[in-house]
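Hi there,

Here is the model I promised to pass on to you. Please load it into your viewer before you read my notes.

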Amino acid sequence: MDPREYAVCPITEFTEGSRLLVRVGDEEVGIFNVGGRLVAYQNRCAHQGGPVCRGRILGRWVEDLNSAKEVVGGHHSSDMDLVCPWHGWEYDLLTGRNIADPSISLKAVEVVVRDGMVYVRADSATRTPEAVPAHE
Ligand code: FES
């Protein structure tokens, strides 16, 4: 079945740094504006299916090493991570890849902007997306 497009909201309502959870058919999808780029994932953690898209978003902590590879400090980078609220698995918000094991990823959902509207493409959708609360 070809994916269908579902209108979510005008792009003007989706400001940089914002997140929107929508239900498309049986699937909950998290859409994120990351520095002006839109990314979307199924709201199921690759670990045990937790509601990862409802998790905290943090700047990635990067350890500073000296020439002997010893940790001498650290800082937050501009990369943003999404932290699953169930057991703390972390994912790169822009790519969906797990930080500890990049071979593991969130399932991406295609999101497009056309004529000022944000759309998601989904196979199983049977109705218009509806917004769901970002936190339970
Ligand atoms: S279900 Fe997400 S970390 Fe376990």
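First, the ground rules. This is a predicted model, in which local features need pLDDT of at least 70 and side-chain atom pairs count only at pLDDT 80 or more, while totals for chains, interfaces and linings use all residues. Residues are numbered from 1 along each chain as its sequence is written.

The chain has zero helices and ten strands (DSSP runs numbered from the N terminus: H or I of at least four residues for helices, E of at least two for strands). Of its 136 residues, 26% are buried; that term requires 20 or more other C-beta atoms within 10 Å of a residue's own, whereas 12 or fewer makes it exposed and anything in between partly exposed, with C-beta atoms placed from the backbone. Among contacts with a separation of 6 or more, 55% link residues 24 or more positions apart (a contact means C-beta atoms, placed from the backbone, within 7 Å).

Now the hairpin. Strands β2 (residues 19-24) and β3 (residues 27-34) pair in the antiparallel sense over six bridges, where pairing requires that DSSP finds at least two bridges between two strands. V24 has E27 of β3 as its bridge partner. Two residues sit between the strands, and G25 takes a positive phi near 65 degrees. On β2, the covered face carries L20, V22 and V24, while R19, L21 and R23 are on the uncovered one. In a regular strand, side chains alternate between the two faces of the sheet.

Next, the largest nonpolar core, with 25 residues (buried Ala, Val, Leu, Ile, Met, Phe, Trp, Tyr and Cys joined through C-beta atoms within 7 Å). Those with the most contacts inside it are V29, I31, A40, V52, V109, V111 and V120. At least two core residues come from each of β2, β3, β4 (37-42) and β9 (117-122). Domain 1 (1-26 + 33-40 + 109-136) and domain 2 (42-105) both contribute, so this core lies between them; the domain bounds come from an automatic or database assignment.

Finally, there is an open three-stranded sheet in the order β1-β9-β8, with antiparallel pairing. β1 (4-10) and β8 (110-114) are at the edges with a single partner strand each, so one side of each has no neighbour in the sheet. Five bridges join β8 to β9, and R114 stands opposite M117 in β9.

Happy exploring!

How values were computed: Two residues are in contact if their C-beta atoms, placed from the backbone, lie within 7 Å.
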